[in-house]
Amino acid sequence: MTTPVMDAVTQRRDLRLLIILSALMSFASVSTDLYLPAMPVMGKDLHAASGGIEFTLSGFLIGFSLGQLIWGPAGDRYGRRIPVALGLVLFLIGSMGCALSTTITQMVSWRVIQAVGACAGPVLARAMVRDLYSRERAAQMLSTLILFMAVAPLSGPILGGQIMAWSNWHMIFWFMVLLGVIAIVGLAFLPETLNPESRATTPLSYALKDYVKILKDKRVMGYGLAGACYYAGFYAFIAGTPSAYIDYYHISPQIYGLLFSVNIIGVMGANFLNSRTVKRIGSDRLFHLGSTIAALAGVMFALDSRSGWGGISGLILPFLVYAAMNGLIVANSVAGALAEATTNAGGISSLIGAMHYGSGIFSAAVLGWWKDGSPWPMGAVLGAVAITGCVISWGLKRHNHLSSVTTRQ
């Protein structure tokens, strides 16, 4: 039986964890969103070929995806805190290298190192939530986490634009170094959530076999692929809008930061809604609803990017809806994939995270290759992956229904 005192202690613990974990999860957004207003200028300063600056995003996502495959199993074996600390150190080194880069090759290389370190926080933060909470409560906590961490992408482009107004793009990466130092200090207040008796005992070399086993799980892969399609669309927007907004529609870097940040309001609102309704409605229902709405918004975005009938407003409004569906798709898909995890929560979280962010490699690479100066390549990619994610989501619903019927029989 719980008492008011116990409830208050639990609430304080949850709030402290939310603040720390949201900061760790924000490193992905900080590393991608903060420098977006500077991308056109960076491309010129680094003498990048047409479409070449987009590969700084691809390089980051390559490191971010591959790094997760390492940190997850390491977290299952050695606990969560030590791998997070090592990741933050790598993030610092990579950020310093980016700040000092003078060529596009150097920048892409340091971005890979920066990303390998940055991904430790998000992947292990998700595993920490799984360590502490049941499925529905985990989905609720993940939504609240995303709500808290939305401050980073909300303020990132705005802050990046302001830094560009009084300094240069190098200072943006030095600011990332400062954030990494603050995160390392904050890590001292993060408790270890994985008890020694719950840790994996197999060597890290066995992680590949574990990944092969996870890849054969249709349920986990269904949630992972649907989430990956959503992220592919989101990263198509991230990679494509600096050119579309600043070069094509002639928006200033400062205004671009404001327009980009509007999308995060939708993300925050939907995550708040999900955290309030998931226990009553169910995470799967909200997940399928979000995938369907995202597909419709993606189609509208693609149509406008091709025809230009709505101008820049025709891009802003559909994507606002698409971005908001993050609140229904991401938390619920991750919670669904982790629902039956036992000793491999870190491995599943790593693989799901690698799929999510790895999909952005595809988006950024296609846009770098297909870049024609118009918003159409961005719209085409976003619309296609949004529809694909919806199809996978509803196929997963049918699979789960058939599995439940078989189990009852």
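1. Start with helix α13 (residues 253-281) and helix α16 (residues 326-338): they pack at an angle of about 55°, and their axes are 7 Å apart. That angle makes α13 oblique to α16. Keep in mind, as you look at this, that the model is predicted.

2. Who touches whom here? On the α13 side, V267, A270, N271, N274 and V278 make the contact, and on the α16 side the partners are N326, G327, L328, A331 and N332. Sort the residues of this contact by type and you get five nonpolar, five polar and no charged.

3. Now move to helix α6 (residues 104-118) and helix α7 (residues 120-132). How do their axes cross? They come within 5 Å and cross at roughly 20°. Angles under 35 degrees count as roughly parallel, so α6 and α7 are roughly parallel to each other.

4. The α6 residues in this contact are V116, G117 and A118, and they meet A120, G121 and P122 of α7. By type, the residues of the contact of α6 with α7 divide into four nonpolar, two polar and no charged.

5. Finally, have a look at the surface. V299, M300, L303, W309, I387 and V391 form a nonpolar patch there, with about 590 Å² of accessible area together.

6. Which helices supply this patch? Each of α14 (283-307) and α18 (376-408) gives at least two residues of the nonpolar patch. The largest share, three residues, comes from α14.

How values were computed
Residues numbered from 1 in each chain as written. Predicted model: local features only at pLDDT ≥ 70, side-chain atom pairs only at ≥ 80, totals over all residues. Heavy atoms only, no water. Axes fitted to C-alpha atoms, helices over the stretch in contact; angles between N-to-C directions. Helix = DSSP H or I, 4+ residues; strand = E, 2+ residues; numbered from the N terminus. Parallel < 35°, antiparallel > 145°, perpendicular 65-115°, else oblique. Contact = heavy atoms within 4.5 Å. Nonpolar A, V, L, I, M, F, W, Y, C, P; charged D, E, K, R; others polar. Patch = residues over 30% accessible without salt bridge, like charges linked within 9 Å, V, L, I, M, F, W, Y side chains within 5 Å. Areas by Shrake-Rupley, 256 points an atom, 1.4 Å probe, with all protein chains shown as cover. Salt bridge = Lys/Arg side-chain N within 4 Å of Asp/Glu carboxyl O.
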